[in-house]
Amino acid sequence: MTILDGKKVSNDIKNEIKAEVDKMKANEEKVPHLAAVIVGNDGASLTYVGSKVRACERVGFESTMVRLSNTTSEIELLDKIDELNNNDDIDGFIIQLPLPPQINTQKVLMAVDPNKDVDGFHPMNFGKMALDMSTFIPATPFGILELLDRYGVETKGKHTVVIGRSHIVGRPMSILMGRKGFPGNSTVTLTHSHTKNITQITSQADIIISALGIPKFLKAEMVKDDVVVIDVGITRVLDDSEKGYYITGDVDFDKVSEKASYITPVPGGVGPMTIAMLLKNTLLAREQHRKNNRF
């Protein structure tokens with residue numbers, strides 16, 4: 001069994017990006033600039049955005065955090081997005097989710113300039129991804145592809161089962177794993193909360209990508225020997241420890257790892273890859289803008 005070490009691979013990617021940025025600086029070129037918009041005071045969101053800012057510092061990017069109050073109106077947020085769309089200094093930006101209830105998330109994501117949509121959530125970018133065109137791939141699926149690629153996990157002709165159909169992970173993964181090329185060319189089954197006989201399906205899978213958010217949902221009896229398991233879930237489970245909780249994923253790691261050929265740990269698997277690939281998308285945005293002489 002091989003651990004798919006997202007922490008190590010993400011560090012490798014950050015080092016590669018830093019080398020690219022160092023070249024830009026040596027040539028006196030503009031370095032990538034990533035902005036993040038956060039509305040409200042959600043603790044997890046603040047932590048996540050903070051880690052993105054630190055990652056930008058590490059690779060030599062410029063970064064801007066735009067903090068708005070929990071009472072921000074939809075119009076005020078849309079005005080801020082318009083401002084970022086038209087700011088030539090910013091190559092890419094993200095809107096940290098979730099947003100407060102008074103704001104229509106879909107309307108907000110639609111307002112982002114697709115050329116700066118480094119989260120890959122805009123319908124134009126999602127459509128390009130579905131058509132195998134060059135575009136921004138959502139960071140978590142992009143990170144999973146990179147893990148499979150760098151560890152040389154065979155996907156051609158394999159049966160991939162995706163658990164969960166979110167627009168952020170499950171649905172894009174189901175498209176990407178079935179595309180031509182590597183990683184891809186697998187036969188994909190997309191399962192969700194209404195899927196019947198899910199154990200029957202997962203037990204036939206060569207590759208399982210779980211993005212369900214239910215702690216230890218995937219048990220050893222649900223998988224076959226030598227399965228490849230990608231665990232996207234991350235949940236805080238309360239316990240009697242000093243911290244008061246422990247972090248776990250969708251997979252019963254201890255038992256499933258005894259049968260798996262490759263498996264991601266939680267934490268330290270898919271999570272670190274997400275931020276690394278967001279940086280990669282921002283670097284791609286900078287290169288695209290330079291090539292098109294936009295700014």
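Where does proline 267 lie? In the loop between β11, residues 262-263, and α10. Keep that spot in mind. We'll come back to it.

One caution before we go on. This is a predicted model.

Let's start with the annotations. UniProt, in an unreviewed entry, lists residues 4-119 as "domain: Tetrahydrofolate dehydrogenase/cyclohydrolase catalytic". That stretch is 49% helix and 16% strand. Its end C-alpha atoms are 23 Å apart. A further annotation, also from an unreviewed entry, covers residues 138-289. UniProt calls it "domain: Tetrahydrofolate dehydrogenase/cyclohydrolase NAD(P)-binding". Here the chain is 32% helix and 18% strand. The end C-alpha atoms are 19 Å apart.

Now the sheet. Six strands form an open sheet, with parallel pairing. Read across, the order is β1-β11-β8-β7-β5-β6. At the edges stand β1, residues 2-3, and β6, residues 187-191. Each has a single partner strand, so one side of each has no neighbour in the sheet. Look at the β6 end. Strand β5, residues 159-163, pairs with β6 in the parallel sense over five bridges.

On to helix α10, residues 270-291.

A cis peptide bond joins it to valine 266, with omega about -5°. There is a cis bond between leucine 97 and proline 98 as well; omega there is about 5°. Proline 98 is in the loop between β4, residues 92-95, and α4, residues 105-111. If you have the structure open, check both bonds.

Last topic: positive phi. Glutamate 28 has a phi near 60°, and it is not a glycine. You'll find glutamate 28 in the loop between α1, residues 6-26, and β2, residues 33-39. Is glutamate 28 buried or exposed? Its relative accessible area is 75%; exposed means over 50%, so glutamate 28 counts as exposed.

Then aspartate 226. Its phi is positive too, about 70°, and again this is not a glycine. Aspartate 226 sits in the loop between β7, residues 207-210, and β8, residues 228-231. At 56% relative accessible area, aspartate 226 is also exposed.

That's the tour. Questions, please.

Methods. Residues numbered from 1 in each chain as written. Predicted model: local features only at pLDDT ≥ 70, side-chain atom pairs only at ≥ 80, totals over all residues. Heavy atoms only, no water. UniProt positions renumbered as here; feature names shortened; annotations may be inferred. Helix = DSSP H or I, 4+ residues; strand = E, 2+ residues; numbered from the N terminus. Pairing = 2+ DSSP bridges. Expected span 1.5 Å × (residues − 1). Buried < 20%, exposed > 50% of the residue type's maximum accessible area, 1.4 Å probe, protein only.
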